[in-house]
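Here are a few exercises on helix packing and pockets, each with a worked solution.

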Amino acid sequence: MSDVQEASVVQEENVVPEVLSSKDEAAKLNALIAYGLMVVGMFTGVLWIVGAVWAMVKKSDAQGTVFEDHYTNITKTFWWGLGLSILGFILAFVVVGYFLLLAVWIWSIYKIVKGLAKITSNKAYNS
């Protein structure tokens, strides 16, 4: 297979059909709700947890859809963010924790914005 043919095959695999199935639409909507809750939760805290729980509960409904890996992104961002934030709070007594907390916050923003950009373009997170 030539390089041009391989490139077109790879491109075709990442293309989402123009019309989404009802299961895809529901998976997209639930992921958008989770992302939205997490965005607001970055400033309130509580909704961050609600968004992650929403994604964990709805993940099984999204299996087999294009948007399935968005749920993995949301839950991984939550758990890593929670763990590193706890570590940051502990290390805040020696000032290094503040830098860790800032880095976790920026990293979380990046992961959520990337997810929102992909899902609003009807793409999988890892596409």
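**Exercise 1.** How do α2 and α4 run relative to each other: roughly parallel or roughly antiparallel?

*Solution.* Keep in mind that this model is predicted.

Step 1: locate the helices, α2 at residues 22–44 and α4 at residues 68–91. Their axes come within 10 Å and cross at roughly 20°.

Step 2: apply the cut-off, by which angles under 35 degrees count as roughly parallel. The two helices, α2 and α4, are therefore roughly parallel to each other.

Step 3: look at the side chains. On the α2 side, the residues in contact are A26, A27, N30, A31, A34, Y35 and M38, and they meet H70, Y71, N73, I74 and F78 of α4. Sorted by class, this contact has nine nonpolar, three polar and no charged residues.

**Exercise 2.** Work out how α2 is oriented against α5, and list the residues that make the contact.

*Solution.* Step 1: the axes of α2 and α5 are 10 Å apart, and the packing angle is about 155°.

Step 1: angles over 145 degrees count as roughly antiparallel, and α2 and α5 are therefore roughly antiparallel to each other. Their crossing is left-handed.

Step 2: α2 contributes K28, A31, L32, Y35, M38, V39, M42 and F43, while α5 contributes W105, S108, I109, I112, G115, L116, I119 and T120. By class, the α2 contact with α5 has 12 nonpolar, three polar and one charged residues.

**Exercise 3.** Which helices each supply at least two residues of the lining of the largest pocket?

*Solution.* Step 1: start at the centre of the largest pocket, where G41, M42, W48, S85 and W105 lie nearest among its 17 lining residues.

Step 1: assign the lining to helices. At least two residues come from each of α2, α3 (46–58), α4 and α5 (96–120).

Step 2: finish with volume and class. The largest pocket has a volume of about 340 Å³, and its lining has 11 nonpolar, six polar and no charged residues.

Notes. Residues are numbered from 1 along each chain as its sequence is written. This is a predicted model: local features need pLDDT of at least 70, side-chain atom pairs count only at pLDDT 80 or more; totals for chains, interfaces and linings use all residues. Side-chain values use heavy atoms; hydrogens and water are left out. Axes are lines fitted to C-alpha atoms, for helices over the stretch in contact, and angles run from 0 to 180 degrees between N-to-C directions. Helices (H or I, at least four residues) and strands (E, at least two) are DSSP runs, numbered from the N terminus. Angles under 35 degrees count as roughly parallel, over 145 as roughly antiparallel, 65 to 115 as roughly perpendicular and the rest as oblique. Contact means heavy atoms within 4.5 Å. Ala, Val, Leu, Ile, Met, Phe, Trp, Tyr, Cys and Pro count as nonpolar, Asp, Glu, Lys and Arg as charged, and the others, Gly among them, as polar. On a 1 Å grid over the protein atoms alone, a cavity is a set of points where a 1.4 Å probe fits but cannot get out, and a pocket is an open set with protein on both sides within 12 Å along at least five of seven lines; lining residues have an atom within 4 Å of a point. Grid points are joined across faces, edges and corners, and a volume is the space filled by probe spheres set on the points. A crossing is left-handed if the near helix is turned anticlockwise from the far one by less than a right angle, and right-handed if clockwise.
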